[in-house]
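Me: I would like to learn how to read single features off a protein model. Can we go through one together?

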Amino acid sequence: MIAVIDYGMGNLRSVAKALERVGADVEVTSDPDRIEDADGVVLPGVGAFGKCMENLRAAGLEGTVRAVAKAGTPFLGVCVGMQILFEESEEFGPVPGLGILPGRVKRFVPRDATQKVPHMGWNTLEVRHRVPALRGVADGSYVYFVHSYYVETDDPLLVASTTPYGSSFASSVARGNLFATQFHPEKSQAVGLKLLENFVESAGGAARARA
């Protein structure tokens with residue numbers, strides 16, 4: 001079972017439907033026990049970083065997310081669900097994040113009139129580390145973005161892919177059981193479905209190992 005965390009933020013049904021399309025048994029839930037018992041966990045997020053953190057705390061799920069990350073459960077963060085894994089954001093802040101990964105979230109500063117904020121639409125992935133979640137995803141593949149903020153980290157091994165927008169930013173990160181994307185896999189057509197398929201397979205492998 002893949003648990004999509006319901007904390008009042010994010011495109012929950014779109015993410016769930018995309019996971020179901022690649023064969024996952026999906027449960028959209030705010031129940032900590034169901035989340036901790038899941039074979040894989042997805043943390044979506046849309047909107048402001050601070051509001052996402054506020055909702056996560058109000059739902060009593062901040063500790064649950066940390067517990068799942070520590071337990072080694074396959075974990076996928078999407079958009080702001082990636083950003084809040086880091087230490088803090090400058091959006092209406094600084095605002096503390098979960099601090100699971102090292103780094104901070106910064107706003108795009110346009111270099112010229114051609115660079116619009118938010119960064120919206122299709123852009124390419126430059127694969128830096130061929131992590132399991134990116135298996136079968138070609139370098140230069142196009143994925144779909146909608147965001148005004150990006151993650152900056154001093155750990156180059158954390159960055160699985162970058163994307164050019166003025167300069168390059170981290171479009172996906174990976175460490176151990178964690179994989180997270182600034183782009184929206186559920187809106188990224190065949191490339192996004194391949195990434196979700198890889199995630200579901202990793203969750204299935206984890207389930208078999210626990211059995």
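Predicted model: local features only at pLDDT ≥ 70, side-chain atom pairs only at ≥ 80, totals over all residues.

Me: How many salt bridges does a search of the whole structure find?
Reply: First the idea: a salt bridge needs a side-chain nitrogen of Lys or Arg within 4 Å of a carboxyl oxygen of Asp or Glu. The search of the whole structure finds 11.

Me: Which residue meets Glu54 in a salt bridge?
Reply: Lys51 does, at 3.4 Å, N to O. Glu54 is partly exposed at 46% relative accessibility. Lys51 is partly exposed too, at 39%.

Me: Where do Arg104 and Glu90 lie?
Reply: Take the bridge itself: their side chains meet at 3.7 Å, N to O. Arg104 lies in strand 7, and Glu90 in the loop between strand 5 (88–89) and strand 6 (95–96), so the pair ties together parts that are 14 residues apart in sequence. Arg104 is partly exposed, with a relative accessible area of 26%. Glu90 is partly exposed at 32%.

Me: What is the distance between the closest N and O atoms of Arg128 and Glu126?
Reply: It is 3.3 Å, and the two form a salt bridge. Arg128 counts as partly exposed at 47% relative accessibility. Glu126 counts as partly exposed at 24%.

Me: Which residues are linked in a network of salt bridges?
Reply: Arg57, Glu62 and Arg66 are linked in this way.

Me: Which residues gather in a patch of negative charge?
Reply: Asp31, Asp33, Glu36 and Asp37 do, on the surface. Asp37 lies in helix 2 (residues 32–37). Asp37 is exposed, because its relative accessible area is 53% and the cut-off is over 50%.

Me: Is Thr73 buried or exposed?
Reply: The cut-off for buried is under 20% relative accessible area. Thr73 has 10%, so Thr73 is buried. Its place is the loop between helix 4 (62–71) and strand 4 (75–78). Set aside neighbours within four places in sequence, and the contacts of Thr73 are Ala38, Asp39, Gly40, Val41, Val68 and Asn177.

Me: What does Asn198 contact, leaving aside its neighbours within four places in sequence?
Reply: Asn198 touches Pro132, Ala133, Leu134 and Arg135. Asn198 is found in helix 6 (residues 189–210). At 4% relative accessibility, Asn198 is buried.

Me: And where is Arg135?
Reply: Arg135 is in the loop between strand 9 (126–127) and strand 10 (142–147). Arg135 is partly exposed, at 40% relative accessibility. With neighbours within four places in sequence left out, Arg135 is in contact with Lys194, Asn198 and Glu201. Sequence and space can be read side by side here. Arg135 and Phe199 are 64 residues apart in sequence and 10.0 Å apart in space, C-alpha to C-alpha.

Me: Now the backbone. What is the phi of Cys79?
Reply: Cys79 has a positive phi of about 60 degrees, although it is not a glycine. Cys79 sits in the loop between strand 4 and helix 5 (80–83). At 4% relative accessibility, Cys79 is buried. Gln189 has a positive phi of about 55 degrees, and it is not a glycine. Gln189 is in helix 6. At 57% relative accessibility, Gln189 is exposed.

Me: Is the peptide bond from Val117 to Pro118 cis or trans?
Reply: Read omega. The bond is cis, with omega near 10 degrees. Pro118 lies in the loop between strand 7 (104–107) and strand 8 (119–124).

Key: Residues numbered from 1 in each chain as written. Heavy atoms only, no water. Helix = DSSP H or I, 4+ residues; strand = E, 2+ residues; numbered from the N terminus. Buried < 20%, exposed > 50% of the residue type's maximum accessible area, 1.4 Å probe, protein only. Contact = heavy atoms within 4.5 Å. Patch = residues over 30% accessible without salt bridge, like charges linked within 9 Å, V, L, I, M, F, W, Y side chains within 5 Å. Areas by Shrake-Rupley, 256 points an atom, 1.4 Å probe, with all protein chains shown as cover. Lys, Arg positive; Asp, Glu negative; His and termini not counted. Charge placed at Lys NZ, Arg CZ, Asp CG, Glu CD.
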